[in-house]
Amino acid sequence: MEPIEILLVEDNPDHAELTRRSLMSGSVANRVAWVKDGQEALDYLFKKEPYANAPRPGLILLDINLPKVNGLEVLKKIKETEDLRVIPVIMLTTSDRDEEALKCYNFGANSFITKPVKFTEFSEKVKSLKLYWLLVNRPPKSDAS
């Protein structure tokens with residue numbers, strides 16, 4: 001099975017680096033593309049410059065609180081778009097509010113993860129995500145790229 005592309009949408013460089021390191025640890029050789037705000041994420045997904053040749057991600061890790069376009073709006077656009085709606089979207093946030101989780105699920109999120117404050121806890125959560133979404137879960141086949 002071909003490794004899938006992971007799109008990480010995170011405005012905090014420290015969180016992004018920690019997430020990337022956690023995803024890259026182990027033997028799964030997935031490529032992680034990182035964009036820093038919601039508008040960049042939409043440009044990437046809809047293949048606007050400079051992302052015209054970007055591969056279609058097989059998994060999206062999406063922070064909720066983003067500059068330019070917030071994560072909920074990005075999620076909504078993903079799930080409204082036929083070619084993108086089957087891509088699993090995992091919402092990441094520092095908030096633990098039930099209302100926020102409910103909004104994400106109502107917009108079609110596949111998972112809602114609260115970022116722990118401690119490095120080791122966060123790293124373990126990301127590794128668990130990787131294990132399930134990249135090794136256990138079977139996504140549908142797609143002709144889109």
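I count two strands as paired if DSSP finds at least two bridges between them. Strands (E, at least two residues) and helices (H or I, at least four) are DSSP runs, and I number them from the N terminus.

**Ground rules.** I am working on a predicted model: local features need pLDDT of at least 70, side-chain atom pairs count only at pLDDT 80 or more, and totals for chains, interfaces and linings use all residues. Residues are numbered from 1 along each chain as its sequence is written, and side-chain values use heavy atoms, with hydrogens and water left out.

**Sheet.** I looked up the strand order first. The open sheet has 5 strands, ordered β2-β1-β3-β4-β5, with parallel pairing. From one strand to the next, the twist averages 20°. I take axes as lines fitted to C-alpha atoms, for helices over the stretch in contact; angles run from 0 to 180 degrees between N-to-C directions.

Next I checked β1 (residues 6–9) against β3 (residues 59–63). The two run parallel and are joined by 4 bridges. Valine 9 has leucine 62 of β3 as its bridge partner.

**Helices on the sheet.** Contact here means heavy atoms within 4.5 Å. Helix α1 (residues 13–24) packs on the sheet and touches β1, β2 and β3; its direction makes about 170° with that of β2. Helix α2 (residues 38–45) also packs on the sheet, touching β1, β2 and β3, at about 135° to the direction of β2.

**Helix α4.** I call a residue buried under 20% relative accessible area, exposed over 50%, and partly exposed in between (1.4 Å probe, protein chains only). Which residues of α4 (residues 98–106) are buried? They are Glu100, Ala101 and Cys104. Seen down the axis of α4, the buried residues fall within an arc of 100°, so they line one face of the helix. The arc is that of the directions from the helix axis to the C-beta atoms. The face turned away from the buried side carries exposed Asp98, Leu102 and Asn106. Cover for the buried residues of α4 includes α3 (71–80), β4 (89–93) and β5. Glycine 108 follows α4, and its phi is positive, near 105°.

I then picked out alanine 101. It counts as buried, at 14% relative accessibility. From alanine 101 to methionine 91 I get 8.6 Å, C-alpha to C-alpha, across 10 residues in sequence.

**β4 to β5.** These strands pair in the parallel sense over 4 bridges. Methionine 91 has phenylalanine 112 of β5 as its bridge partner. The chain crosses from β4 through α4 to β5, and this β-α-β crossover is right-handed. That is, with the strands pointing away from the viewer, the path from the first strand over the helix to the second runs clockwise. Ser111 and Ile113 point one way from β5, Phe112 and Thr114 the other, and all are buried.

**Cores.** A nonpolar core is a set of buried Ala, Val, Leu, Ile, Met, Phe, Trp, Tyr and Cys residues joined through side-chain atoms within 4.5 Å. The largest has 27 residues, and Leu7, Val9, Ile60, Leu62 and Met91 touch the most other members. At least two of its residues come from each of β1, β2, α2, β3, α3, β4 and α4. Leaving aside neighbours within four places in sequence, isoleucine 60 contacts residues including Leu7, Val9, Leu45 and Ile78.

**Glutamate 5.** Beyond neighbours within four places in sequence, glutamate 5 is in contact with Arg31, Tyr44 and Arg56, among others.
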